[in-house]
Amino acid sequence: MITRDHSPADEGVRFLAEAGQALAASLDWEQTLVQVARLAVPALADWCIVDVLEEDGVTIKQVAVAAADPRKEDLLREMRALYPPTIDSPQPAARTIRSGEPVLFEEFGKAELHATTRDDHHLELIKRLDPRSALAVPLVARARTIGAMTLAWSESDRRYTEPEIVLATELASRAALAVDNATLFSREREARAKAEEAVARLRDLELISEAALTHLDLDLLLQELLDGVRTVMRADTAVCLLLDETGDELVASWARGLEEEVEAGVRIPVGAGFAGRVAATRAPVFIPDVNKAEVVNPLLIKRGLKSLLGVPLLVEGRLLGVMHVGSVTSRVFTNDDERTLQLLGDRIALAIEQSSLYESARAAGKRLEFLAEASELLGSTLDYSAALERLSDLAVPYLGDWCIVDMLRGDLFERVAVAHADPKAQAAAYEFLKRFPITPDAAHGPGFVIATGRAELISEVTDEHLQRASGGDPEYLEALRAIGMTSLLCAPLIARGRVLGTITMLSEQPERHYGPADLVTTEELARRAAVAVDNALLYREAERRADAARVLEHIGDGVFMLDRDGVVRLWNRAAESVTGLTADDVVGRLAAEAIPGWSAIAGSVPVATTPATASSAETLPLELPGRELWLSIAAVEFNEGTVYAFRDLTADRVLEELRSDFVATVSHELRTPLAAIYGAALTLQRGDLELDETLRGNLLSVISTESDRLARTVNDILWASRLDADRVQLEVGMYDPRELARTVVEAAEVHLPAGIELSFSCEEDLPPILGDPDKVRQVLTNFVDNAIKYSPDGGVVELRIERRDHAVRFIVVDSGLGVPLSEQRRIFDKFYRVDPNLTRGVGGTGLGLYISRELVRRMNGTISVESREGDGSSFSFELPVATA
Ligand code: ADP
């Protein structure tokens, strides 16, 4: 408060200090100016007006009045309400704002009154306010004039002088500073509030985009997000366009305020039009006036949009699409708007990306589930036709409306499964598909896929496709058109490099077009199906082979297989038992090495190329170590090698040989004595010859000897056949061995040939033996006869009887031809005779020793031979001692 007790300078300083405090008290600039007006009265004026220049730089607005006389405050308000000064008006406030300098009316007289008023009423009002001295000072802050303070001395009748002007100017400048501060503060606060609001909005959007992760429906999410964008951007429309799979076109995907664009399925090439330009430049595009823009989607104009702002939707530098907002009133989108929209765009792009990742993960999950189910189904049975049928049922409707499985059988296709989403349509579908067989020269579908071995994807089936597929058959074309397929997928069933068939998926739905992901799924499905089918086929083949192997194992004929390299791959049980070579010995080895003697006969085995043409087997000798096998063998060649089948004819062969030998021998043995008898008889009958007694006697002797020999031969044959038929009766009893032997020796001595000496020796006190006396004699006679017969050069034949523990041994020793060691075992066999060359042509039937062996055996005795070739033989047999 200014008082007269103080010097004016002191008062001024104090006043300003007080004013500074008062002005600092508020950050509300209007409040500050009211405060200024109050400070000015009465210290600097009887009344005071504070005006500010509006932002337009023209209008001047009164913000505060103060007057010592309260009635004058009302007058001041009335005057300012009626006559607001403008920048170019005559009032002192306007003048000082214009000049930026104080305006002083030291004496406010009549002239000033007129000069500063606009009309009579104005003049009237001013008169009533009664200014006598007036001062207007500008409110200047940071070199900018923001208003004016008008002061007037009235009833106190004072005049403005220099110190007051300084003080008023000072007060004004402090007031201006305070106002500026307040304005700055409020602007800052406003800015902060805006920023906070933006942050809050972003946080909301962030929450929304986080929600995108759990949002199952991208459509709902995007609509929500676009609503948010409209609000934040204070826009009328918000639209999202997504880049399609090819990356060449933008597809209107979501819209708020412009839903018709999505409904129309608007597609915009990248590079063309407004959105296309955003996509191409990957930068924001602002169109202030749609009507002046070059190319804009007509739907935007139709909607009445005036201004547009578009931003690219980018994730990690990848363009997903474009988002734009529009305003139906002309609007300048500022840099801030642009930044905000880009920020929103980034969030939305992220949301789309995450959502589509999620969607594709979900789709992939579903695919895996489907494939797992398919695998389980395929693995559950070895009947692949049934499995494929169930598989096609599973694939519909997951993968399409139709699923068709075709299998290749030789050169022919067999349709093993057809499934249709509508079971009623399925029967008709089947009928239809049967009418048109698949051909390998087809332009599309199974025939084509089989021929190329590669999957086919026709995302959008056109009529041209159908025309090509029909191969020019109008009926087929009509039928294909009738299906109304929109998309096709066909994948080959390939296992171990072989195309087994195809699996075809068809979509009939206009909105379902197959894409790369479906192709991958179908191919995978086909792969799994192929493996299952292959397994089933292999299993069947294995079963068949196992059956064949079992048969081969148990077949009586020897069977073996050589591969193309001559390696033994199979050697059955019969082959083992015939040859004595085990499968372990030969399988996996070269036949030439593993089968002794094979090389010698391999070339002679007849080999047929088909089982049907199998020629008759050849009988060939296989030289195994120590023995010879006679095999009846034949072979069939096939693409993996050669199969041989053989039968062991060794026994038959030997028998056969023996038989033919026997026939020759016996006929010889019969013919020789018969010829002698016949000759002798003829000679005796001749009447023209004078036969002396000696000659007659000799002839009769020949007849009797040869008859005897004939009888013996016939006898041997009879005995052999009786033994074979087991019709030999034995009269076993206790007999003295010496007595039995003695009769044999005596009979032999009767017709002992020249040069043979027969001796007989016997141990003392021999026990009786158990046996049939006739048979014992027969065996002994055979031994003695042989000993004489096979000693053509004469010599001693010795018959001995010895005691052996519980047996008695009869031994006939000669010094004749002997028996080669290799023949010793076999001379007891039926019909067996040592080669006549070795026996110097000595005749015989080969039955004597066989009969002997059989008889001794039947008397529980044993028979044996000891001999050295050319050094005599010792034939013996033992019979058990008869115990009382
Ligand atoms: P065969 O004497 O009628 O030929 P055997 O069965 O009696 O028939 O004898 C079989 C074979 O044994 C004879 O062919 C002969 O080669 C041989 N053999 C038998 N006894 C003797 C012997 N004492 N000395 C030499 N070889 C004999």
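1. A nonpolar core is a set of buried Ala, Val, Leu, Ile, Met, Phe, Trp, Tyr and Cys residues joined through side-chain atoms within 4.5 Å. This model is predicted. Its largest nonpolar core holds 49 residues. Phe810, Ile827 and Phe877 touch the most other members. Helix α26 (residues 773-789) supplies the largest share of this core, 7 residues.

2. What does Phe877 touch, leaving out residues up to four places away in sequence? The list includes Val776, Val779, Leu780 and Phe783. Val808, Arg809 and Phe810 are also on it.

3. Now a helix pair. The axes of α16 (residues 463-470) and α17 (residues 474-483) come within 8 Å and cross at roughly 140°. That angle makes α16 oblique to α17, because only angles over 145 degrees count as roughly antiparallel. The crossing of α16 past α17 is right-handed.

4. Which residues make the contact between α16 and α17? From α16 come Asp463, Leu466, Gln467, Ala469 and Ser470. In α17 they meet Tyr476, Leu477, Leu480 and Arg481. By type, the residues of this contact are 5 nonpolar, 2 polar and 2 charged.

5. Ile717 sits in helix α24 (residues 693-724). Is Ile717 buried or partly exposed? Its relative accessibility is 27%, so Ile717 counts as partly exposed. Beyond its neighbours within four places in sequence, Ile717 contacts Phe662, Val666 and Leu847. Thr845 is 128 residues from Ile717 along the chain, yet their C-alpha atoms are separated by 8.3 Å.

Definitions and conventions. Residues are numbered from 1 along each chain as its sequence is written. This is a predicted model: local features need pLDDT of at least 70, side-chain atom pairs count only at pLDDT 80 or more; totals for chains, interfaces and linings use all residues. Side-chain values use heavy atoms; hydrogens and water are left out. Axes are lines fitted to C-alpha atoms, for helices over the stretch in contact, and angles run from 0 to 180 degrees between N-to-C directions. Helices (H or I, at least four residues) and strands (E, at least two) are DSSP runs, numbered from the N terminus. Angles under 35 degrees count as roughly parallel, over 145 as roughly antiparallel, 65 to 115 as roughly perpendicular and the rest as oblique. A crossing is left-handed if the near helix is turned anticlockwise from the far one by less than a right angle, and right-handed if clockwise. Contact means heavy atoms within 4.5 Å. Ala, Val, Leu, Ile, Met, Phe, Trp, Tyr, Cys and Pro count as nonpolar, Asp, Glu, Lys and Arg as charged, and the others, Gly among them, as polar. Buried means under 20% relative accessible area, exposed over 50%, partly exposed in between (1.4 Å probe, protein chains only).
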